[in-house]
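Please keep the sequence and the structure in view while reading.

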Amino acid sequence: MRKSHLHLIHGLYIPLSFVFFAFVGCASETVRFQGKKLDYQDMCKSGRITVWGESPIFSSISGARVKAKQDACRRAVEKCIGDEVASITGVSTGRSLLSEIYSKARGICSRDSLVSEKTYKVDTVKILRSFYRFTVSGSDIRGKIDLMQNLVGNPKIMVLIREEYSLPPKKVKGFFASDGIASSSLKKYLIGKGYQIISAARIKNLLANETYLSSTKPQNIDTRLRDTASKAGVDVLVIGRVESYPQNIPQLKGTGLKSFRADGTISIISLWGAGRVIGQYSKNVAGAHTTPYTAARAAVNVFANGRDSRVIGGMASYTAETLSDEWANLTRNNLIRMQVKGLSSTKAAGIFRDDLEVGTDIKNINVISFSRGIAVWEATYPGRSFALADTLNFYKSNPKIFRVLKRRGCSPLRVNSVRRGSIRLSFPRSCK
């Protein structure tokens, strides 16, 4: 939920004279209506939602009205879907979730009416505030909440595991193979736990040459692989190798059984921020069966799922437990490196830093450097860099959100580039 002025009111036939007294502060979970406290979840489910949106007026009132309506819709989506999904999943705030789900959920704003509007000034900039009433189906909101919970409630995972079988002839199940035992069993187990799996086929054409994947040591994995997977919507990359090779067991002589060992290592890598290894699983285990190939596969199955066929263990269990332990903390404390050009004074830099901490969900900002009008900061944010960039871009010219725009010579903010874990911003005309 945005830390600055977010308010929600309810009622299809509220007299306009009452509208302006129905608001309460952002910290409250309820509003007062005709002397009663109403929970915002109940209001959203009722299907009668009145919110306000704002936009600076730079050229025409009609252009500002379009942006104000978009702002109002974002508020409605945030309150009726974003905050609800956040409370269910516990992985982020409504504000950062909003940028993830707005494009898919804004359909709830299709039936709207303009209730009223007014203008006021922030210094020399005129601001339009428009009140819109959205009539929404309660079942539609419920359906969107269920959909968004599935989309953002758990990390989206891509599994890349290479299996090698030392047989005559040697068999290899490459990183993009669909029938590898380790990768297919892990994906099936994670899906059963509610995780969304993104197919490796999405990046196969871009990384057709598996030399990109020549090393499965996390520190050696090519940056292009991480960036490509991130652009495909992947939050966590599970990557590794398993090699199965024969072993001689004297006790099995004459039994008709063959024995193989599986030696494997997989790494669980977060693609948020600069990316980090959140877990690593290594094991050397044995398996036996009647033919060399089935024995080799049996060993890989023990590596992937554990030895007890009644309970999933091994790599699959370790991966699910690691994701459960690490993900909530990671999404609440994602580190994003920000470079901001065009802040020509420490005063302007300080104001903009405060703007970010108040007007967005950024928790805190550590100053890395400031020289020649360029600030480099490390921000702690409960969401992706792309979600933060979307918020910055939406409010780039709003002096209510970014007070630094009131500074002499300051021009609207520009988002120059967004990558996994980094954002580059600029004020084309320096803020004094």
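## A network of salt bridges

R162, E164, K170 and R241 are joined to one another in a network of salt bridges, a salt bridge being a side-chain nitrogen of Lys or Arg within 4 Å of a carboxyl oxygen of Asp or Glu. This is a predicted model, in which local features need pLDDT of at least 70 and side-chain atom pairs count only at pLDDT 80 or more, while totals for chains, interfaces and linings use all residues. Residues are numbered from 1 along each chain as its sequence is written, and side-chain values use heavy atoms, with hydrogens and water left out.

R241 belongs to strand 10 (residues 236–246) and E164 to strand 7, so the pair ties together parts that are 77 residues apart in sequence; helices (H or I, at least four residues) and strands (E, at least two) are DSSP runs, numbered from the N terminus. K170 also forms a salt bridge with E164, and here the closest N and O atoms are 3.7 Å apart.

E164 is buried, at a relative accessible area of 14%, whereas K170 is exposed, at 53%, and R241 counts as partly exposed, at 27%.

## Salt bridges elsewhere

How many salt bridges does the structure hold? The count is 16, and one of them is formed where the side chains of D308 and R310 meet, at 3.1 Å from N to O. In that pair D308 is partly exposed, with a relative accessible area of 33%, while R310 counts as exposed, at 74% relative accessibility. Side chains of opposite charge can pair when their charged atoms come close.

## Two disulfides

A disulfide is taken to be a pair of cysteine sulfur atoms within 2.5 Å, and by this rule the count comes to two. One is formed by C73 and C109, whose sulfur atoms are 2.2 Å apart; the torsion about their S-S bond is about 90 degrees, so this disulfide is right-handed. C73 lies in helix 3 (residues 61–89) and C109 in the loop between helix 4 (94–105) and strand 5 (112–122), so the pair ties together parts that are 36 residues apart in sequence. Both C73 and C109 are buried.

C410 and C431 form a disulfide as well, with their sulfur atoms 1.9 Å apart, and a torsion of about 45 degrees about the S-S bond makes it right-handed. This pair links distant parts of the chain, 21 residues apart, with C410 in the loop between helix 12 (385–394) and strand 16 (414–419) and C431 in strand 17 (residues 422–431). C410 is buried at 11% relative accessibility, and C431 is buried at 0%.

## Backbone exceptions

Most residues other than glycine have a negative phi, and most peptide bonds are trans. The peptide bond from P168 to P169, however, is cis, with omega near 0 degrees, and P169 is placed in the loop between strand 7 (156–165) and strand 8 (171–173).

R372, a residue other than glycine, has a positive phi, near 55 degrees. R372 lies in the loop between strand 14 (364–371) and strand 15 (374–381) and is exposed, with a relative accessible area of 83%.

How values were computed. Buried means under 20% relative accessible area, exposed over 50%, partly exposed in between (1.4 Å probe, protein chains only).
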